[in-house]
Amino acid sequence: MAFEPPQRLVRALGESAPGGDDWVERLPEIAEQAVALRELTVERVQVPGGRSSLVVLVRRADGTPAVLKLAPARARPESERAALAHWDGRGAVQLLEPFAAEGALLLERLHPDVSVRSLPEAKALLEAAGALRRLWVEPPGDHVFETVAERTGRQASVMRGASAEVAGLVSAALEARESLLAAPPEERLLHGTFRQSKVLSGVRSPWLAVGPDPVVGECAFDLARLVRDRVEDLIASPSGAATTRRRIKRLAESLEVDQERLRGWTLFRAVESGVRALRVGRPKDAELLLEFAGWL
(Lines give C-alpha, C1' and ligand atoms only; values in the text may rest on other atoms or scores of the structure.)
Protein backbone atom coordinates (compact mmCIF):
# COMPACT_ATOMS: atom_id res chain seq x y z
CA MET A 1 0.00 0.00 0.00
CA ALA A 2 1.84 3.09 -1.22
CA PHE A 3 0.41 6.56 -0.64
CA GLU A 4 1.27 10.03 0.56
CA PRO A 5 -0.48 11.15 3.78
CA PRO A 6 -2.78 14.13 3.09
CA GLN A 7 -0.93 17.42 3.55
CA ARG A 8 -3.59 18.66 5.96
CA LEU A 9 -2.75 15.77 8.29
CA VAL A 10 1.01 16.24 7.91
CA ARG A 11 0.77 19.97 8.74
CA ALA A 12 -1.56 19.49 11.70
CA LEU A 13 0.46 16.70 13.28
CA GLY A 14 3.63 18.65 12.68
CA GLU A 15 2.22 21.47 14.80
CA SER A 16 1.63 19.21 17.79
CA ALA A 17 4.31 16.53 17.46
CA PRO A 18 6.64 16.12 20.46
CA GLY A 19 10.34 15.81 19.76
CA GLY A 20 11.33 12.50 18.23
CA ASP A 21 7.81 11.52 17.15
CA ASP A 22 8.10 9.83 13.75
CA TRP A 23 4.52 8.52 13.42
CA VAL A 24 3.88 10.28 10.11
CA GLU A 25 7.08 8.84 8.64
CA ARG A 26 6.06 5.35 9.75
CA LEU A 27 2.46 5.73 8.58
CA PRO A 28 2.79 3.75 5.30
CA GLU A 29 4.17 0.77 7.22
CA ILE A 30 1.53 1.12 9.95
CA ALA A 31 -1.21 1.22 7.31
CA GLU A 32 0.11 -1.81 5.46
CA GLN A 33 0.18 -3.86 8.65
CA ALA A 34 -3.32 -2.76 9.70
CA VAL A 35 -4.74 -3.62 6.26
CA ALA A 36 -3.03 -7.02 6.12
CA LEU A 37 -4.06 -7.96 9.65
CA ARG A 38 -7.73 -7.40 8.84
CA GLU A 39 -7.59 -8.75 5.26
CA LEU A 40 -8.90 -5.47 3.87
CA THR A 41 -9.00 -4.20 0.31
CA VAL A 42 -8.11 -0.52 0.04
CA GLU A 43 -10.26 1.74 -2.11
CA ARG A 44 -8.78 5.17 -1.38
CA VAL A 45 -7.47 7.53 1.25
CA GLN A 46 -9.97 10.18 2.28
CA VAL A 47 -8.69 13.62 1.20
CA PRO A 48 -8.32 16.24 2.58
CA GLY A 49 -9.15 14.14 5.64
CA GLY A 50 -8.81 15.15 9.26
CA ARG A 51 -6.15 16.86 11.33
CA SER A 52 -5.33 14.02 13.71
CA SER A 53 -5.82 10.74 11.82
CA LEU A 54 -5.64 9.02 8.47
CA VAL A 55 -8.98 7.78 7.10
CA VAL A 56 -8.90 4.99 4.52
CA LEU A 57 -11.97 3.69 2.69
CA VAL A 58 -11.73 -0.11 2.59
CA ARG A 59 -13.71 -3.29 2.04
CA ARG A 60 -13.67 -6.24 4.40
CA ALA A 61 -13.02 -9.80 3.25
CA ASP A 62 -16.76 -10.33 2.68
CA GLY A 63 -17.04 -7.18 0.54
CA THR A 64 -18.65 -5.02 3.22
CA PRO A 65 -17.59 -1.36 2.94
CA ALA A 66 -15.81 0.01 6.01
CA VAL A 67 -13.41 2.71 7.15
CA LEU A 68 -9.97 2.14 8.62
CA LYS A 69 -8.89 5.02 10.84
CA LEU A 70 -5.26 5.32 11.95
CA ALA A 71 -4.15 7.77 14.62
CA PRO A 72 -1.04 8.37 16.74
CA ALA A 73 -1.19 7.70 20.48
CA ARG A 74 -1.40 11.41 21.28
CA ALA A 75 -4.76 11.52 19.46
CA ARG A 76 -6.10 9.06 22.06
CA PRO A 77 -7.54 6.39 19.70
CA GLU A 78 -8.18 4.03 22.63
CA SER A 79 -10.37 6.67 24.26
CA GLU A 80 -12.28 7.09 20.98
CA ARG A 81 -12.75 3.32 20.78
CA ALA A 82 -14.11 3.19 24.33
CA ALA A 83 -16.61 5.97 23.64
CA LEU A 84 -17.81 4.42 20.38
CA ALA A 85 -18.20 1.06 22.13
CA HIS A 86 -20.30 2.71 24.86
CA TRP A 87 -22.55 4.52 22.37
CA ASP A 88 -22.82 1.27 20.36
CA GLY A 89 -24.02 3.04 17.23
CA ARG A 90 -26.59 5.26 18.98
CA GLY A 91 -25.98 8.65 17.39
CA ALA A 92 -22.43 7.76 16.36
CA VAL A 93 -20.59 5.66 13.81
CA GLN A 94 -20.55 1.95 14.67
CA LEU A 95 -17.34 0.31 15.83
CA LEU A 96 -16.71 -2.92 13.86
CA GLU A 97 -14.07 -4.49 16.09
CA PRO A 98 -13.61 -4.31 19.87
CA PHE A 99 -9.98 -3.18 19.99
CA ALA A 100 -7.77 -0.35 18.79
CA ALA A 101 -4.49 -2.14 18.15
CA GLU A 102 -1.68 0.18 17.06
CA GLY A 103 -4.06 3.12 16.96
CA ALA A 104 -6.29 1.50 14.30
CA LEU A 105 -10.09 1.65 14.38
CA LEU A 106 -12.30 -0.27 11.95
CA LEU A 107 -15.56 1.60 11.52
CA GLU A 108 -18.88 1.50 9.73
CA ARG A 109 -18.74 3.25 6.34
CA LEU A 110 -20.78 6.45 6.22
CA HIS A 111 -20.91 8.91 3.31
CA PRO A 112 -17.53 10.56 3.89
CA ASP A 113 -18.14 13.51 1.57
CA VAL A 114 -21.60 14.43 2.90
CA SER A 115 -21.63 16.22 6.25
CA VAL A 116 -24.25 18.32 7.97
CA ARG A 117 -22.14 21.32 6.94
CA SER A 118 -23.41 20.82 3.37
CA LEU A 119 -26.91 21.89 4.48
CA PRO A 120 -28.14 25.49 4.75
CA GLU A 121 -26.93 26.99 8.02
CA ALA A 122 -30.19 26.91 9.99
CA LYS A 123 -30.93 23.32 8.96
CA ALA A 124 -27.33 22.27 9.63
CA LEU A 125 -27.43 23.61 13.18
CA LEU A 126 -30.74 21.86 13.84
CA GLU A 127 -29.54 18.49 12.55
CA ALA A 128 -26.17 18.76 14.29
CA ALA A 129 -27.80 19.62 17.61
CA GLY A 130 -30.13 16.64 17.28
CA ALA A 131 -27.19 14.31 16.64
CA LEU A 132 -25.29 15.72 19.61
CA ARG A 133 -28.20 15.23 22.01
CA ARG A 134 -28.16 11.47 21.35
CA LEU A 135 -24.55 11.20 22.53
CA TRP A 136 -25.10 12.74 25.95
CA VAL A 137 -25.42 9.59 28.04
CA GLU A 138 -24.18 8.51 31.44
CA PRO A 139 -20.52 7.49 31.22
CA PRO A 140 -19.55 3.94 32.19
CA GLY A 141 -19.13 3.59 35.93
CA ASP A 142 -15.51 2.50 35.61
CA HIS A 143 -14.58 4.95 32.86
CA VAL A 144 -11.10 6.35 32.42
CA PHE A 145 -12.08 9.23 30.16
CA GLU A 146 -10.51 12.61 30.73
CA THR A 147 -12.80 15.08 32.50
CA VAL A 148 -13.62 18.61 31.38
CA ALA A 149 -11.77 19.91 34.44
CA GLU A 150 -8.65 17.93 33.51
CA ARG A 151 -8.66 18.84 29.83
CA THR A 152 -9.31 22.53 30.35
CA GLY A 153 -6.78 22.55 33.19
CA ARG A 154 -4.05 21.51 30.76
CA GLN A 155 -5.25 24.09 28.27
CA ALA A 156 -5.42 26.83 30.89
CA SER A 157 -1.80 26.24 31.86
CA VAL A 158 -0.71 26.91 28.29
CA MET A 159 -3.03 29.91 27.91
CA ARG A 160 -1.42 31.68 30.85
CA GLY A 161 1.75 31.96 28.82
CA ALA A 162 0.05 33.82 25.96
CA SER A 163 1.29 37.20 24.76
CA ALA A 164 0.23 40.45 26.38
CA GLU A 165 -1.89 41.44 23.37
CA VAL A 166 -4.48 38.78 24.23
CA ALA A 167 -4.14 39.02 28.03
CA GLY A 168 -7.62 40.51 28.50
CA LEU A 169 -9.40 37.76 26.64
CA VAL A 170 -7.30 35.06 28.30
CA SER A 171 -8.11 36.47 31.74
CA ALA A 172 -11.84 36.53 30.95
CA ALA A 173 -11.72 32.97 29.62
CA LEU A 174 -9.86 31.66 32.67
CA GLU A 175 -12.28 33.40 35.04
CA ALA A 176 -15.22 31.87 33.15
CA ARG A 177 -13.65 28.41 33.46
CA GLU A 178 -13.16 28.72 37.21
CA SER A 179 -16.76 29.81 37.70
CA LEU A 180 -18.16 27.06 35.48
CA LEU A 181 -16.19 24.29 37.18
CA ALA A 182 -17.39 25.35 40.62
CA ALA A 183 -20.79 23.73 40.20
CA PRO A 184 -21.28 21.65 37.02
CA PRO A 185 -24.95 20.70 36.57
CA GLU A 186 -24.43 17.19 35.21
CA GLU A 187 -21.83 14.61 34.19
CA ARG A 188 -22.24 13.07 30.76
CA LEU A 189 -20.08 11.37 28.18
CA LEU A 190 -19.37 14.10 25.62
CA HIS A 191 -18.10 14.02 22.05
CA GLY A 192 -15.40 16.52 22.96
CA THR A 193 -14.71 18.06 19.56
CA PHE A 194 -18.17 18.33 18.05
CA ARG A 195 -18.93 20.50 15.03
CA GLN A 196 -20.96 20.29 11.83
CA SER A 197 -18.22 18.54 9.86
CA LYS A 198 -18.20 15.77 12.48
CA VAL A 199 -21.73 14.68 11.50
CA LEU A 200 -21.89 12.53 8.36
CA SER A 201 -24.73 11.09 6.35
CA GLY A 202 -25.34 7.41 7.04
CA VAL A 203 -27.34 4.47 5.75
CA ARG A 204 -28.94 3.15 8.96
CA SER A 205 -29.48 6.71 10.28
CA PRO A 206 -29.65 10.04 8.40
CA TRP A 207 -26.85 11.64 10.44
CA LEU A 208 -24.19 10.08 12.68
CA ALA A 209 -21.31 11.62 14.62
CA VAL A 210 -17.70 10.68 13.92
CA GLY A 211 -14.28 11.55 15.28
CA PRO A 212 -14.89 12.05 19.01
CA ASP A 213 -12.18 13.08 21.44
CA PRO A 214 -14.36 12.02 24.37
CA VAL A 215 -14.47 13.79 27.68
CA VAL A 216 -16.78 13.59 30.71
CA GLY A 217 -18.50 16.70 31.98
CA GLU A 218 -21.41 19.06 31.41
CA CYS A 219 -23.31 19.27 28.14
CA ALA A 220 -22.69 23.00 27.64
CA PHE A 221 -18.98 22.29 27.13
CA ASP A 222 -19.78 20.01 24.18
CA LEU A 223 -22.25 22.42 22.63
CA ALA A 224 -19.83 25.35 22.84
CA ARG A 225 -17.77 24.31 19.83
CA LEU A 226 -20.90 24.15 17.68
CA VAL A 227 -21.70 27.79 18.47
CA ARG A 228 -18.74 29.04 16.45
CA ASP A 229 -19.23 26.79 13.43
CA ARG A 230 -18.65 28.67 10.16
CA VAL A 231 -16.83 31.35 12.17
CA GLU A 232 -15.39 32.84 8.98
CA ASP A 233 -18.93 33.58 7.77
CA LEU A 234 -19.87 35.08 11.11
CA ILE A 235 -16.86 37.40 11.10
CA ALA A 236 -17.55 38.48 7.52
CA SER A 237 -21.16 39.39 8.33
CA PRO A 238 -22.05 42.88 9.63
CA SER A 239 -24.52 41.17 11.97
CA GLY A 240 -22.08 38.46 13.10
CA ALA A 241 -22.11 39.43 16.77
CA ALA A 242 -25.91 39.54 16.92
CA THR A 243 -26.14 36.25 15.01
CA THR A 244 -23.79 34.63 17.52
CA ARG A 245 -25.90 35.77 20.46
CA ARG A 246 -29.05 34.44 18.79
CA ARG A 247 -27.29 31.17 18.05
CA ILE A 248 -26.33 30.74 21.71
CA LYS A 249 -29.91 31.42 22.78
CA ARG A 250 -31.41 29.07 20.17
CA LEU A 251 -29.04 26.19 20.87
CA ALA A 252 -29.35 26.56 24.64
CA GLU A 253 -33.14 26.51 24.48
CA SER A 254 -33.37 23.62 22.00
CA LEU A 255 -31.01 21.39 24.02
CA GLU A 256 -32.11 22.58 27.47
CA VAL A 257 -28.70 23.94 28.40
CA ASP A 258 -28.18 27.02 30.56
CA GLN A 259 -27.54 29.95 28.23
CA GLU A 260 -24.92 31.66 30.40
CA ARG A 261 -23.00 28.44 30.90
CA LEU A 262 -23.00 27.90 27.15
CA ARG A 263 -21.74 31.44 26.61
CA GLY A 264 -18.98 30.91 29.17
CA TRP A 265 -17.71 27.68 27.66
CA THR A 266 -17.95 29.17 24.16
CA LEU A 267 -15.71 32.01 25.34
CA PHE A 268 -13.17 29.67 26.92
CA ARG A 269 -12.98 27.33 23.96
CA ALA A 270 -12.72 30.14 21.39
CA VAL A 271 -9.92 31.86 23.30
CA GLU A 272 -8.08 28.57 23.86
CA SER A 273 -8.27 27.77 20.14
CA GLY A 274 -7.18 31.29 19.22
CA VAL A 275 -4.18 31.20 21.56
CA ARG A 276 -3.20 27.79 20.20
CA ALA A 277 -3.46 29.06 16.62
CA LEU A 278 -1.12 31.93 17.50
CA ARG A 279 1.34 29.55 19.12
CA VAL A 280 1.62 27.26 16.10
CA GLY A 281 1.84 30.02 13.50
CA ARG A 282 -1.71 30.33 12.15
CA PRO A 283 -2.31 34.08 12.67
CA LYS A 284 -5.32 34.33 10.35
CA ASP A 285 -7.17 31.59 12.23
CA ALA A 286 -6.20 33.21 15.52
CA GLU A 287 -7.53 36.58 14.39
CA LEU A 288 -10.92 35.09 13.49
CA LEU A 289 -11.24 33.15 16.74
CA LEU A 290 -10.19 36.00 19.01
CA GLU A 291 -12.46 38.49 17.28
CA PHE A 292 -15.31 36.01 17.73
CA ALA A 293 -14.40 35.61 21.42
CA GLY A 294 -14.53 39.37 21.83
CA TRP A 295 -18.24 39.29 21.01
CA LEU A 296 -18.93 37.06 23.99
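The legends below describe close-up views of a predicted model.

**View 1. The sheet and its strands.** Strands of a sheet pair through backbone hydrogen bonds, either parallel or antiparallel. In this model 4 strands form an open sheet in the order S1-S2-S3-S4, and their pairing is antiparallel. Strand S1 (41-45) and strand S4 (104-108) are the edge strands, each of which pairs on one side only. From one strand to the next, the twist averages 30 degrees.

**View 2. Strand S1 beside strand S2, with helix H2 on the sheet.** S1 and strand S2 (residues 54-59) run antiparallel and are joined by 4 bridges, and Thr-41 stands opposite Arg-59 in S2. Helix H2 (residues 23-38) packs on the sheet, where it touches S1, S2, strand S3 (65-70) and S4, and its direction makes about 145 degrees with that of S3.

**View 3. Helices H4 and H9 where they cross.** The axes of helix H4 (residues 121-135) and helix H9 (residues 240-254) come within 11 Å and cross at roughly 35 degrees, and the crossing is right-handed. On the H4 side, Glu-121, Leu-125, Ala-129 and Arg-133 meet Arg-247, Leu-251 and Ser-254 in H9. The residues of this contact divide into 3 nonpolar, 1 polar and 3 charged.

**View 4. The second largest pocket.** This pocket has a volume of about 230 Å³ and is lined by 14 residues, of which Ala-122, Leu-125, Leu-126, Arg-250 and Leu-251 lie nearest its centre. H4 and H9 are the elements that give two or more residues to the lining, and H4 gives the most, with 7 residues. The lining residues divide into 6 nonpolar, 3 polar and 5 charged.

Terms used
Residues are numbered from 1 along each chain as its sequence is written. This is a predicted model: local features need pLDDT of at least 70, side-chain atom pairs count only at pLDDT 80 or more; totals for chains, interfaces and linings use all residues. Side-chain values use heavy atoms; hydrogens and water are left out. Axes are lines fitted to C-alpha atoms, for helices over the stretch in contact, and angles run from 0 to 180 degrees between N-to-C directions. A crossing is left-handed if the near helix is turned anticlockwise from the far one by less than a right angle, and right-handed if clockwise. Contact means heavy atoms within 4.5 Å. Ala, Val, Leu, Ile, Met, Phe, Trp, Tyr, Cys and Pro count as nonpolar, Asp, Glu, Lys and Arg as charged, and the others, Gly among them, as polar. On a 1 Å grid over the protein atoms alone, a cavity is a set of points where a 1.4 Å probe fits but cannot get out, and a pocket is an open set with protein on both sides within 12 Å along at least five of seven lines; lining residues have an atom within 4 Å of a point. Grid points are joined across faces, edges and corners, and a volume is the space filled by probe spheres set on the points. Two strands pair if DSSP finds at least two bridges between them.
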